[in-house]
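Trainee: I have a structure to go through. Can we take it step by step?
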Amino acid sequence: MPYSYDEQNIFAKILRGEIPCNKVAESEHCLAFHDIAPQAPQHVLVIPKGAYVTYDDFALNARDAEIIDFTRMVAKVCGQLGVCPTEAQAGYRLISNAGPDGMQEVPHLHVHILAGANIGPLTVKHT
Ligand code: AMP
């Protein structure tokens, strides 16, 4: 059973224009903006405009047009930030936290784009 969507989550409020964001890019189906508490020199969030909680919710339930737009928006923002790897330079990490074990704070799907420095090891070990 997927989480039910909370219309009062902070990203829903951003999408409704109730609170501001530092916008990076926008398309028909998604919005990209700077994270308010950056964890890397460049830290941008990409969110779909539709009411999806997690990556699995989105991938299974969104329309193809939304999925294509979101996927391309992530790539376009990486290009806009100038972090797409060329030879041995630049690069980025994409993260999408889901649910309690993923330590998701905001229950509206978002992909973190982290870049601008070596982002370090993938995660701490839990084995
Ligand atoms: P997560 O733990 O994956 O749910 O990440 C939520 C992210 O949203 C965190 O990195 C927060 O810093 C970020 N965040 C929370 N509120 C805002 C906001 N109003 N504008 C931009 N980023 C936010």
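Trainee: How many helices and strands does the protein chain have?
Mentor: The protein chain has 3 helices and 5 strands. Helices (H or I, at least four residues) and strands (E, at least two) are DSSP runs, numbered from the N terminus. This is a predicted model, where local features need pLDDT of at least 70 and side-chain atom pairs count only at pLDDT 80 or more, while totals for chains, interfaces and linings use all residues. Residues are numbered from 1 along each chain as its sequence is written, and side-chain values use heavy atoms, with hydrogens and water left out.

Trainee: What order do the elements come in?
Mentor: From the N terminus on, the order is α-β-β-β-α-α-β-β.

Trainee: Which residues touch the most other members of the largest nonpolar core?
Mentor: Ala 32, Val 44, Val 46, Phe 70, Val 77 and Ile 113 do, in a core of 20 residues. A nonpolar core is a set of buried (under 20% relative accessible area, 1.4 Å probe, protein chains only) Ala, Val, Leu, Ile, Met, Phe, Trp, Tyr and Cys residues joined through side-chain atoms within 4.5 Å.

Trainee: Which helix gives the most to this core?
Mentor: Helix 3, with 6 residues.

Trainee: And what does Ala 32 touch?
Mentor: Leaving out residues up to four places away in sequence, Ala 32 touches Lys 23, Val 24, Ala 25, Val 44, Leu 45, Val 46 and Val 77. Contact means heavy atoms within 4.5 Å.

Trainee: Different topic. How much of the protein chain is buried?
Mentor: Buried residues are 39% of the 127 residues.

Terms used. Buried < 20%, exposed > 50% of the residue type's maximum accessible area, 1.4 Å probe, protein only.
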